[in-house]
Structure formats: C-alpha cells, structure tokens
Amino acid sequence: MDCDILIIGAGIIGAALAAELSLRRYRVVVLEAGLPGAATSAAGMGHLVVLDDNPAELALARDGVTRWQSCQDRLPTNVEYRTCGTLWLARTREEMLEAERKHTFYRAINLPSQLLTAAALYATEPHLAPGLAGALLRPDEAVIYPPTAVTWLLAQAQSRGTAVLSRQRVIDIAPNRVRTAEGRIWHAEQIVVAAGNVSPHLLPGLPMQPRKGQLVITERYPDYVRHQLVALDYLQSAHSNTANSVAFNVQPRATGQLLIGSSRSFDDTGTQVDWPLISRMLTTAFSYLPGLAELQAIRTWTGFRPATPDKLPLLGRWPVAESIWLATGHEGLGITTALSSAALLADLIDGQPSQIDPAPYCPSRFVPASTQRKEMA
Ligand SMILES: Cc1cc2nc3c(=O)[nH]c(=O)nc-3n(C[C@H](O)[C@H](O)[C@H](O)COP(=O)(O)OP(=O)(O)OC[C@H]3O[C@@H](n4cnc5c(N)ncnc54)[C@H](O)[C@@H]3O)c2cc1C
C-alpha cells in the first residue's frame, strides 16, 4: 500500500481531513486535480455560522463553529479570523417574532444570543435602512478567509508527513485503488472522496447537484458595517428548492472591504456571472443598506455549492465499497463545518464513537439497498 488513507480533493474538507487524520497518525496522501483550495472553497464567504433548520444541521454547524473558535489563537493572521458576530435582521413584526423564537431556542441550548431593539440596532449599525424592527445578535460567530485556512490546514498535515500533490486528477476509483489522469495507480487502505462538486463524476449515482452562488466585493470602507449582516429571510433562500433565489448577506472583511451576497440557482451550471440575478441581489442589498449603492464594487464572481437533496453532507462509508468513504455535499456550510466533518469522519474510520450522531449524514440514506448489496468490482 502507498498509504493508509488517500484523500481525493484539497478543498477545505479534504484539507481539514488531512489535518485530522495525520494527527491520528495515519499515513495520508492528498491528490488534488488543480491547486489546493482553489475551487468552491475559494468562492465562498467564510462566515462561520450556526444554522438550525434541523437538528443535524445545528449539531454539525455548532460543533464546527466551536472547533474554529478553539483554534483561533493558533491561526495565522492571513486566515483573518475575526469574531464580528452575526446580526439577523428583522424587517417586520413577524420577523421579530421569529427572532424572539430563535433567541428563546438558543438560550435553551446555551448558545449566546441577544435581542436588539431597533434603537440598539441603529446604534451599532448606523448605515442600515430606516424602518427595521430589530435584530438577533449571535455575538460569538466569526468570519475567516477560506483559501488561507486551506493552506494552514494542509501545512499542519504536511508537518506530520502528509503528501499533498497538486495537479493530480483522479479519473478512476476502485476498492483500495485509484488511477490518475497521468496513469499512476495509487493503493491505499482507505480512500476518501472529498472532491466537492466533482464527486458524482467519480462515483456515479451520488445524489448531488451544483448550486450556483454569486458574490460582489467592494473597495475598502473600514467599519462601514461591523457585523455579518443577514436578513432573517436568508434561511428561506438557503433551504428552498426553487430555481433562483437571493437574500441579503453582507460581510465586513478584515481588509475593510464589504462582501455582498448572495444568490442560489440550481438551473444555471455556467460559470459566467448572471447579471439579472446580480441586479436582483444588489437591489435587495440596497433595500437594507441604501448607502451601498454609492460604494465602489471591484469584483464579482460565481461558485458552486455541492448540494445534496436534504442539504446535509455525505459523511461516512460509501455503501457500495468497504474501503471508500465520502466527505462531500456540504452545500453552503462547508467552511463552517469543515473541522466537525473531519472529526466525525475520522471517528468513523477509527471505529470510535463520535461527539455527534453520524446517522443523519450517512451516505446510505440515499443509496437504494439493492445497489448497496452489489459490491464494486
Ligand atoms: C457563493 C458561496 C458562498 C458560500 N459562503 C459560505 C459561508 O459563508 N460559510 C460556509 O460555511 N460555507 C460557505 N459556502 C460553502 C463552502 O464554500 C463549501 O461548502 C465548501 O467550500 C466545500 O468544500 P469542498 O472541499 O467540499 O469543495 P471544494 O472546495 O470544491 O474542493 C474540492 C476539491 O477537489 C478537487 N477535485 C475535484 N475532482 C478531483 C479529482 N478527480 N481528482 C483530484 N481532485 C479533485 C477540486 O479541484 C477541489 O480543489 C459558500 C459557497 C458559495 C459558492
């Protein structure tokens, strides 16, 4: 065998896994088709946020945020970890009732949260449009710059002997064996597919779909906003299955730039910017932060969230072959959940109990029993 564990893909998920598995003394090799961290992980916002649409999403996101918090003192400055907190903005009385419901729920599960009246909200974020009802503050949430986080995670793995090989595209997987485009065969005790949106090309039948997103970034306007600002109706966009949606989401970067999001589209698989959708996204953003319209935008880009039908990742053994594992399908939360996903999968590979129940993320939830019985050749 060339190694104990071979990881396909060096995005945030493959990188976090390499760091975790090398810490557990496995001999790890990472094969990356392009450059580490340059695919979806370079396109995201880097908001470390607890979403709670269902208990499984909450468990993984909460554990992920906690793990990032606990390593913040070790992160290099270029990872730009900043505890700016999240402000969930309520526009109407109904949305404020939702903020209150969330606040009660968070208190019950010991997550820090605070309700802000409209006056308190405008005192801390004076550029917001008048007329908002208030907000819910999650003070301990943070932002990072994902590409440098990938570099940091891989550097930890490399310092423990992991080989990270760029421009090595895997084109074929079989039990204990993969083949690259250059024709090299690698043998490994275990193989982990962490190839993001490309995972279904490697394992046909994986129920995943790329979900396009678009972001805009401005010139530097330090302290224009202080928190990650998110409309409470963002969750409807994140969890909907409609073709196109936009929601207000603005992040203050460490550089002073403002990162403006976001959109979600299922039917558009092209990498080009969808200008009508950007226009819808910005119109929504201006309705919350009217002054944004006067600021200078310098760049816009697209990225694809690797989505599963239930928006939960695939973490666990691929039921069709004993030695193949999945760590993919993280949709819009993969930066947040990278460290928790890595710990969970490493526990499964180790055969150890995990802090989080792995059942909701188990790939077998989508694989028909008939397929599971047919072992891969
Ligand atoms: C617009 C947008 C905003 C987002 N905002 C946030 C946010 O604020 N917070 C958050 O938590 N998440 C966010 N996300 C989601 C997050 O970015 C993703 O969930 C995460 O990056 C997925 O990481 P990954 O490692 O699975 O995929 P990727 O980063 O795509 O990594 C997969 C890697 O596998 C490699 N690969 C593919 N095929 C092969 C092959 N055949 N052989 C070898 N290597 C291969 C690729 O080159 C790539 O480097 C956002 C995403 C988008 C698009």
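This is a predicted model: local features need pLDDT of at least 70, side-chain atom pairs count only at pLDDT 80 or more; totals for chains, interfaces and linings use all residues.
Beyond its neighbours within four places in sequence, display Ala 90, Ala 133 and Gly 134, with which Met 96 is in contact.

Next, select the ligand. Its shell holds 43 residues, and the closest are Gly 9, Gly 11, Gly 44, Gly 196 and Gly 334. Two or more residues each come from helix 1 (12-23), helix 2 (40-43), strand 12 (209-220), strand 16 (297-307) and helix 10 (334-350). Strand 16 contributes the most, with four residues. Colouring the shell by residue class shows 20 nonpolar, 19 polar and four charged residues. Colour by domain as well: the ligand lies between domain 1 (3-44 + 146-207 + 310-373) and domain 2 (85-141 + 209-307), because both give residues to its shell.

From strand 12, proceed to strand 15 (residues 257-265); the two pair in the antiparallel sense over four bridges. Nine of the nine residues of strand 15 are buried, so this strand is largely enclosed by the rest of the structure. Centre on Leu 259 in strand 15, which is the bridge partner of Ile 217 and also of Gln 251.

Finally, select strand 14 (residues 244-252), which pairs with strand 15 in the antiparallel sense over seven bridges. Four residues separate the strands of this hairpin, where Gly 256 adopts a positive phi near 95 degrees.

Note on methods
Residues are numbered from 1 along each chain as its sequence is written. Two residues are in contact if their C-beta atoms, placed from the backbone, lie within 7 Å. A residue is near a molecule or strand if its C-beta atom, placed from the backbone, lies within 6 Å of it. Ala, Val, Leu, Ile, Met, Phe, Trp, Tyr, Cys and Pro count as nonpolar, Asp, Glu, Lys and Arg as charged, and the others, Gly among them, as polar. Domain bounds come from an automatic or database domain assignment. A residue is buried if 20 or more other C-beta atoms lie within 10 Å of its own, exposed if 12 or fewer, and partly exposed in between; C-beta atoms are placed from the backbone. Two strands pair if DSSP finds at least two bridges between them.
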